[in-house]
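Welcome, and thanks for opening the viewer. Let's walk through this structure one selection at a time.

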Amino acid sequence: MAAGAFERAAGAAQGAPSGAPTGLIAGGPAAGAYALACARLAQAPHRWLVTGVAGFIGSHLLETLLNLGQEVRGLDNFMTGHRHNLEQVRASVGEQAWRRFTFIEGDIRDPQACACACGAGDGMAGFASMAGMAGAGGVAGAGAGADIASIGAAHAAHAGHAGHHAGHAAGASDGGEPPDGRAGPDDPDGPGAGDGVAVDYVLHQAALGSVSRSLEDPLLCHAVNVSGFLNMLAAAREAGVRRFVYAASSATYGDHPDLPKVEQHIGAPLSPYALSKYVNELYAQVYARCYAMQTVGLRYFNVFGPRQDPLGAYAAVIPRWIAAMLDNEAVLIHGDGATSRDFCFVHNAVQANILAATGTDPAAVNQVYNVAVNARTSLTQLHATMQQMLLAARPQHVPQAPQYGEFRAGDVRHSQADIAKAARLLGYAPTHDLAQGLRHTIAWYVAQADGA
Ligand SMILES: NC(=O)c1ccc[n+]([C@@H]2O[C@H](COP(=O)([O-])OP(=O)(O)OC[C@H]3O[C@@H](n4cnc5c(N)ncnc54)[C@H](O)[C@@H]3O)[C@@H](O)[C@H]2O)c1
């Protein structure tokens with residue numbers, strides 16, 4: 001594995017561009033919907049829980065939400081996420097915004113950790129928490145234990161809050177307005193993140209990705225991706241959150257041959273991972289039907305961008321290839337190179353989450369959506385594009401021809417999303433195509449590798 005450049009750069013606090021509205025490419029039709037949603041949030045901040053917050057997508061959600069003035073709680077056990085991702089967000093958003101973040105180190109396989117994170121549980125002792133993580137020691141260690149205890153105590157005092165939202169969740173649409181009496185995020189007398197009241201929105205990202213990993217350890221996949229998901233759903237219900245938005249996956253299309261993929265036509269799952277993500281959708285549907293919860297599933301298609309982990313056996317293709325290229329090593333393409341994907345820059349995924357959480361169209365709730373670009377790129381094309389871009393960004397780069405290996409078990413051959421449903425019901429429109437996203441991404445990895 002070509003890891004050298006990234007091991008050298010690990011921990012460097014480089015702020016990545018966030019998906020906040022300032023970063024939008026102007027002019028697209030849904031730039032309007034997203035810009036409007038962001039403006040509303042900035043005017044009337046809410047409380048959010050991002051699970052998997054130390055991971056790739058979770059850390060971008062955190063960065064955008066903090067830039068929008070929101071109060072954010074994060075839950076992660078660092079199974080595949082990294083403290084340095086959180087440090088990079090901190091460096092990017094600045095200390096004032098960072099104070100609106102509370103981190104809870106915990107495992108979604110533990111119902112109590114989920115309850116704590118949603119604001120629904122008592123008896124939080126035993127979880128490491130770093131409220132605001134503002135201590136000089138950075139992410140590690142500051143304020144462990146005490147902040148969680150305060151979440152539990154305050155929860156008891158705010159027991160009525162969950163009831164307020166429970167009634168609300170049963171209604172059709174929330175109109176995006178803040179709850180009565182909600183204080184602004186920087187109001188010193190107002191409620192801070194981690195003060196024990198329930199969160200408004202959950203963006204559930206925590207899971208074990210990778211088809212290969214799930215084939216090697218299906219029980220672990222089930223424990224985290226299915227049981228952990230159910231724990232989060234139950235905790236969110238108990239807390240009376242307004243809406244539960246979760247990371248679904250294009251893997252759910254399985255062996256269905258149609259292209260582009262439309263949400264209602266799925267095939268048989270090709271891996272335990274694919275099955276786990278489909279079971280998530282089924283549980284969300286059942287919770288919506290039986291308990292009047294508001295849920296939205298986002299079927300991500302090959303999300304990529306800064307902070308995606310390039311290391312390890314289960315790394316995704318784009319960061320893995322950039323790492324290899326930066327170390328002047330040949331890239332290994334699994335299969336003949338014609339395998340194709342709808343690569344989706346992470347800012348598009350962030351946009352989908354914000355729109356899914358705050359959308360006011362009742363028809364948009366309790367649905368699943370494709371989140372991608374509606375383009376298809378073969379691995380061979382991707383390789384050529386990346387080589388060109390890397391050469392432009394780093395003239396000393398020495399392009400290498402790719403090597404071709406065996407197809408990987410469980411991999412879907414072709415993937416491309418129809419994004420019309422998300423466009424129609426959520427107002428989603430990707431702001432970055434593959435080339436635009438790759439330019440940002442390669443620039444970021446080059447800066448990391450060069451120690452900038
Ligand atoms: N990246 C993609 O292309 C893609 C595509 C489809 C779906 N998804 C889904 O999106 C979500 C985020 O993916 P990502 O690419 O950011 O992955 P990631 O591995 O970078 O992030 C996942 C985060 O969840 C945390 N986590 C894992 N198990 C946990 C547990 N038991 N308790 C608490 N935290 C736990 C990890 O430590 C990590 O920080 C996942 O649910 C994934 O399945 C991602």
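**Stop one: the ligand**

Start by selecting the ligand and the residues around it: 28 residues surround the ligand, and the closest are Asp76, Thr80, Gln205, Tyr273 and Val303. Keep in mind as you look that this is a predicted model.

Colour that shell by residue class and you will find 14 nonpolar, 10 polar and 4 charged residues. Which elements each supply at least two residues of the shell? They are H3, strand S6 (243-249) and helix H11 (272-291). Of these, click on S6, which gives the most to the shell, with 3 residues.

Now zoom in on individual atoms. Show the side chain of threonine 80: one of its N or O atoms is 2.6 Å from an oxygen atom of the ligand. Next, pick tyrosine 273, where a polar side-chain atom lies 2.7 Å from a ligand oxygen atom. How much of the ligand's accessible area does the protein cover? Of the 820 Å² that the ligand has on its own, the protein covers 91%.

**Stop three: two loops**

Select the loop between S6 and H11, and look there for proline 260. A cis peptide bond joins leucine 259 to proline 260, with omega about -10°.

Then move to the loop between strand S2 (71-76) and helix H4 (83-93), where you will find phenylalanine 78. Although phenylalanine 78 is not a glycine, its phi is positive, at about 60°.

**Stop four: a pair of helices**

Finally, show helix H3 (residues 56-67) together with helix H13 (residues 346-358). Two packed helices are described by the angle between their axes and the distance between the axes. Here the axes come within 10 Å and cross at roughly 65°, and the crossing of H3 and H13 is right-handed.

To see who meets whom, display Phe56, Ile57, His60, Leu61, Thr64 and Leu65 in H3, which meet Val346, Val350, Asn353 and Ile354 in H13. By class, this contact of H3 with H13 has 7 nonpolar, 3 polar and no charged residues.

Terms used. Residues numbered from 1 in each chain as written. Predicted model: local features only at pLDDT ≥ 70, side-chain atom pairs only at ≥ 80, totals over all residues. Heavy atoms only, no water. Axes fitted to C-alpha atoms, helices over the stretch in contact; angles between N-to-C directions. Helix = DSSP H or I, 4+ residues; strand = E, 2+ residues; numbered from the N terminus. Left-handed = near helix turned anticlockwise from the far one by under 90°. Contact = heavy atoms within 4.5 Å. Nonpolar A, V, L, I, M, F, W, Y, C, P; charged D, E, K, R; others polar. Near = heavy atom within 4 Å. Polar contact = N/O pair within 3.5 Å; in protein donor to acceptor, adjacent residues only side chain to side chain. Areas by Shrake-Rupley, 256 points an atom, 1.4 Å probe, with all protein chains shown as cover.
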